[in-house]
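Keep the structure in view as you read.

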Amino acid sequence: MIFDILKLKEGIAEEVSNDYNADKLDLGLFDIQFKSLIHLEGIVEKVQTNLLFRGNLSSQIEQVCARCLCVTQSKLTIPFDLCYEIAGMETLNATNDLRDYLILDNSDRFICKKDCKGICPTCGVNLNEADCYCKS
Ligand SMILES: [Zn+2]
Ligand SMILES: [Zn+2]
C-alpha cells in the first residue's frame, strides 16, 4: 500500500482497501496457505506530521497442524495499527509493515487444538482419532 501523502487531506479520515497476492508478499510462512487474496480494509488519516493507518487484514487460509498434520481451513483476521512520521515525505509505502503483521501473527507453529495428541511415530495413527497400542 503506497500513500500519496500530498493528496491526503489534513484531519480527514479516508477509507482505503486493497488486495494482496500472498505469493507476491514473500511471506515465507511454512505451515500456512492463503486460499484467497489478502484483503485490506482500513482508514488512513493525516494528523499534522503523522500518518495514522489502521484496519484489518483478512484472508481464507489453510493450516497444517504441526503435530497431527491435519488440515484446518479458517478465516484469518489481523488488526493493524500503524503510525508514521511523514514530515517532508511525498509518498509512503506501508507494504512491508503490513507484511510484518502477517508474519508476526503467524510465527508460531500451528497446532489444531491445545491438546492435540499428534501422530504416533511408530504406527502413524492420528491419536486424536484413534488409540494405538504401540506403547503397551
Ligand atoms: Zn493436530
Ligand atoms: Zn502407534
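Which residues of helix H2 (residues 95–105) are buried? This is a predicted model, and in it Thr-95, Leu-98 and Leu-102 of H2 are buried. Seen down the axis of H2, these buried residues fall within an arc of 70 degrees, so they line one face of the helix. An α-helix has 3.6 residues a turn, so residues three or four places apart point the same way. The face of H2 turned away from the buried side carries Asn-96 and Leu-104, which are exposed.

Now look at what the buried side meets. The buried residues of H2 pack against helix H1 (22–25) and several strands, including E4 (38–47), E5 (50–64) and E6 (71–85). Follow Leu-98 in particular. Leaving aside neighbours within four places in sequence, Leu-98 is in contact with Met-1, Tyr-20, Leu-40, Phe-53, Leu-57, Phe-80 and Leu-82.

Turn next to the metal site. The zinc ion (ligand 2) is coordinated by the SG atoms of Cys-120, Cys-123, Cys-132 and Cys-134, at 2.2 to 2.4 Å. Along the chain these donors follow the spacing C-x2-C-x8-C-x1-C. Why is the arrangement tetrahedral? The four donor atoms subtend angles of 104 to 114 degrees around the zinc ion, and four donors count as tetrahedral if all angles lie between 85 and 135 degrees. Cys-120 is buried, with a relative accessible area of 6%. Cys-123 is partly exposed, at 41%.

Definitions and conventions:
Residues numbered from 1 in each chain as written. Chains lettered and ligands numbered in written order. Predicted model: local features only at pLDDT ≥ 70, side-chain atom pairs only at ≥ 80, totals over all residues. Heavy atoms only, no water. Donors = N, O, S within 2.8 Å, 3.2 Å for Na, K, Ca; no water. Tetrahedral: all angles 85-135°; square planar, octahedral: opposite > 155°, others 65-115°. Buried < 20%, exposed > 50% of the residue type's maximum accessible area, 1.4 Å probe, protein only. Helix = DSSP H or I, 4+ residues; strand = E, 2+ residues; numbered from the N terminus. Arc of directions from axis to C-beta. Contact = heavy atoms within 4.5 Å.
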